Amino acid sequence: MSGQRWLVEVDRDVCIGSGMCAGSAPAFFELVDGRSRPLHGEVDADDEVLGAAESCPVEAILVREVGTGRQLAPEE
Ligand code: SF4
């Protein structure tokens, strides 16, 4: 996946503020007003981002490939 760029979004209406993403991937997520938000809307591909998305208990984190729009997480 080297060279890929990913789009990262958090659905703040779905997020329950567990803080797991900010805890496991603090370079990519932060809690604001009790909800997560991505620090960067577009990032270099990084397993930390996918790991955080996959471990979100409510699947509030959406990761897509720039260009193709292919959804990488959550798994469909
Ligand atoms: S892991 Fe999911 S529910 Fe928890 S803060 Fe992050 S986005 Fe919100």
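A salt bridge is a side-chain nitrogen of Lys or Arg within 4 Å of a carboxyl oxygen of Asp or Glu. In the predicted model described here, Arg 5, Glu 42 and Asp 44 are linked in a network of such salt bridges. The count by this rule comes to 5 salt bridges. In general terms, side chains of opposite charge can pair when their charged atoms come close.

Another of these contacts joins Arg 64 to Glu 9, with a distance of 2.4 Å from N to O. In space, the C-alpha atoms of Arg 64 and Glu 9 are 8.7 Å apart. Both side chains can also be described by their accessibility. Arg 64 has a relative accessibility of 25% and therefore counts as partly exposed, and Glu 9, with a relative accessible area of 36%, is likewise partly exposed.

A further salt bridge is formed by Glu 30 and Arg 37, whose closest N and O atoms are 2.9 Å apart. Glu 30 is partly exposed, because its relative accessible area is 26%. Arg 37 counts as partly exposed as well, at 38% relative accessibility. The side chains of Arg 70 and Glu 65 also meet in a salt bridge, at 3.4 Å from N to O. In this pair, Arg 70 is partly exposed, with a relative accessible area of 46%, whereas Glu 65 is buried, because its relative accessible area of 11% lies under 20%.

On the surface, Asp 47, Glu 48, Glu 54 and Glu 75 gather in a patch of negative charge. Of these residues, Glu 75 lies in the segment after strand 6 (71-73). Glu 75 counts as exposed because its relative accessibility of 65% is over 50%.

Several features of the backbone were also noted. Most residues other than glycine have a negative phi, and most peptide bonds are trans. The peptide bond from Ala 73 to Pro 74, however, is cis, with omega near -5 degrees. Pro 74 is found in the segment after strand 6, where Glu 75 is also placed.

Positive phi values occur at Asp 33 and Glu 59, neither of which is a glycine. For Asp 33, phi is near 50 degrees, and this residue is situated in the loop between strand 2 (29-32) and strand 3 (35-38). Asp 33 is exposed, with a relative accessible area of 74%. For Glu 59, phi is about 50 degrees, and its place is in the loop between helix 2 and strand 5. Glu 59 is also exposed, since its relative accessible area is 51%, and the limit for this class is a value over 50%.

Definitions and conventions: Residues are numbered from 1 along each chain as its sequence is written. This is a predicted model: local features need pLDDT of at least 70, side-chain atom pairs count only at pLDDT 80 or more; totals for chains, interfaces and linings use all residues. Side-chain values use heavy atoms; hydrogens and water are left out. Patches are made of residues with over 30% relative accessible area and no salt bridge: like charges are joined within 9 Å, nonpolar side chains (Val, Leu, Ile, Met, Phe, Trp, Tyr) within 5 Å. Accessible areas come from the Shrake-Rupley method with a 1.4 Å probe; for residues, only the protein chains shown count as cover. Lys and Arg count as positive and Asp and Glu as negative; His and the chain ends are not counted. The place of a charge is taken as NZ of Lys, CZ of Arg, CG of Asp or CD of Glu. Helices (H or I, at least four residues) and strands (E, at least two) are DSSP runs, numbered from the N terminus. Buried means under 20% relative accessible area, exposed over 50%, partly exposed in between (1.4 Å probe, protein chains only).
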